[in-house]
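Subject: Structure for your files

Dear colleague,

Here is the structure, handed over with its sequence. My notes on what was found follow below it.

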Amino acid sequence: MAKAKRNLRWQRDPEGMRLRILEAAKQEFSAHGLAGARVDRIAAQAGANKRMLYYHVGNKDDLYLAVLEGAYDKIRSEERGLDLEHLDPPEAIRRLIEFTWSYFLRNPEFLSLLQTENLVRAKHLKRSAKVKSMHSPFVEMIRTVVRRGVDSGDFKVAVDPVQLYISIAALSFFYLSNSATLSVIFGRDLLAKDAKDERLAHMAGLVLAALTGRSEELLKIVKAPKSRAAVAQTV
C-alpha cells in the first residue's frame, strides 16, 4: 500500500519528486561527500526508490552534478536580487560582501559541496554545460559596479571583477571552513556573534580600503553600528 501511494505521488507530481530527490541528495553529499554518500539513503529521505531516482536524475554522478549545478544556480539567483546596479559603488560592494558572508553562514552545505568538488579537482563540474553561463552575468554586474566607481572617483582602479569576487569569497570561505582549527589556535570562539560581527566589519573595511585607496575606510567600517552586521547575518 505504501509503495502504491509513493508511485501515485510520483505520477501526480514528477517535478516535486525531482526537487525532493535533489534536496535529499544535497544534504547527503554535503554530510558524507561523494564517496560516502549512499543512493539508498537519498531515495529513502526523498520518499522515493532507486528507480524513481534514476528516472528523474540519473546515476550517482549525474545526481551529484545536478546538486552542484543547483547550488550554484541558487546563490547566483539570490545575487541577482541584490540590486547592485542602483546603489552607489561603495555601498554596492559592501552589500555584496555582506550577502556573501551571510549566504555562506546560512548555507554551510554549499561550502561542503565546494570542498568535496575541489578534492577531485572539479572533475564533475567540468562536465556541466550550465555553470559557466550562470557566472557570466554575475561577473558583468561586478564589472559595471567597478567601472561606475572609477568614473565617479570613488574607486582608484578598475580591478578585475573575477579577482575581486574571489577575494571577497575567500575572506569569508577560509574563515568559516577553518573556524574550528583557528578558534583553537588563537584561543577565541570565531563563531560567537561578536566575532562574526567583527569579521564582517573587517572584511568590508579591508576591501573598500583597497578599492578607494583610503585606509580610513577600514576604521570607518569597524566603527559602524553593530546593526549593519546584525542585519546581514540571519543566523
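**Aromatic pairs**

Tyr72 and Phe110 are both buried (under 20% relative accessible area; over 50% is exposed and in between is partly exposed, with a 1.4 Å probe and protein chains only). The model is predicted, so to speak of local features pLDDT must be at least 70, and side-chain atom pairs count only at pLDDT 80 or more, while totals for chains, interfaces and linings use all residues. Residues are numbered from 1 along each chain as its sequence is written, and side-chain values use heavy atoms, with hydrogens and water left out.

The whole structure holds eight aromatic pairs (Phe, Tyr or Trp rings, the six-membered one for Trp, with centres within 6.5 Å; planes under 30 degrees apart are stacked, over 60 edge-to-face, the rest tilted). Tyr72 and Phe110 make an edge-to-face pair, 5.7 Å centre to centre with 85 degrees between the planes. Because Tyr72 is in helix α5 (residues 60–80) and Phe110 in helix α7 (residues 108–119), the pair ties together parts 38 residues apart in sequence. Phe138 and Tyr165 form an edge-to-face pair at 4.9 Å and 90 degrees. This pair links helix α8 (residues 131–152), which holds Phe138, to helix α9 (residues 161–177), which holds Tyr165, 27 residues apart. Phe138 and Tyr165 are buried. One aromatic cluster consists of Tyr72, Phe99, Tyr103, Phe104, Phe110 and Phe173.

The largest nonpolar core has 65 residues, of which Ile21, Phe29, Leu63, Ile93 and Phe110 touch the most other members (buried Ala, Val, Leu, Ile, Met, Phe, Trp, Tyr and Cys joined through side-chain atoms within 4.5 Å). Helix α6 gives the most to this core, nine residues. Thr100 is found in α6, residues 89–106, and counts as buried because its relative accessibility is 0%. Beyond its neighbours within four places in sequence, Thr100 is in contact with Tyr165, Ile168, Ala169 and Ser172 (contact means heavy atoms within 4.5 Å).

**Chain and α11**

The protein chain has 13 helices and zero strands (DSSP runs numbered from the N terminus: H or I of at least four residues for helices, E of at least two for strands). Of its 235 residues, 46% count as buried. In helix α11 (residues 193–212), the end C-alpha atoms are 28 Å apart, which agrees with the 28 Å that its 20 residues should span at 1.5 Å a residue (1.5 Å times one less than the number of residues). In α11, 14 of the 20 residues are buried. Gly213 follows α11 and has a positive phi, near 75 degrees.

Regards
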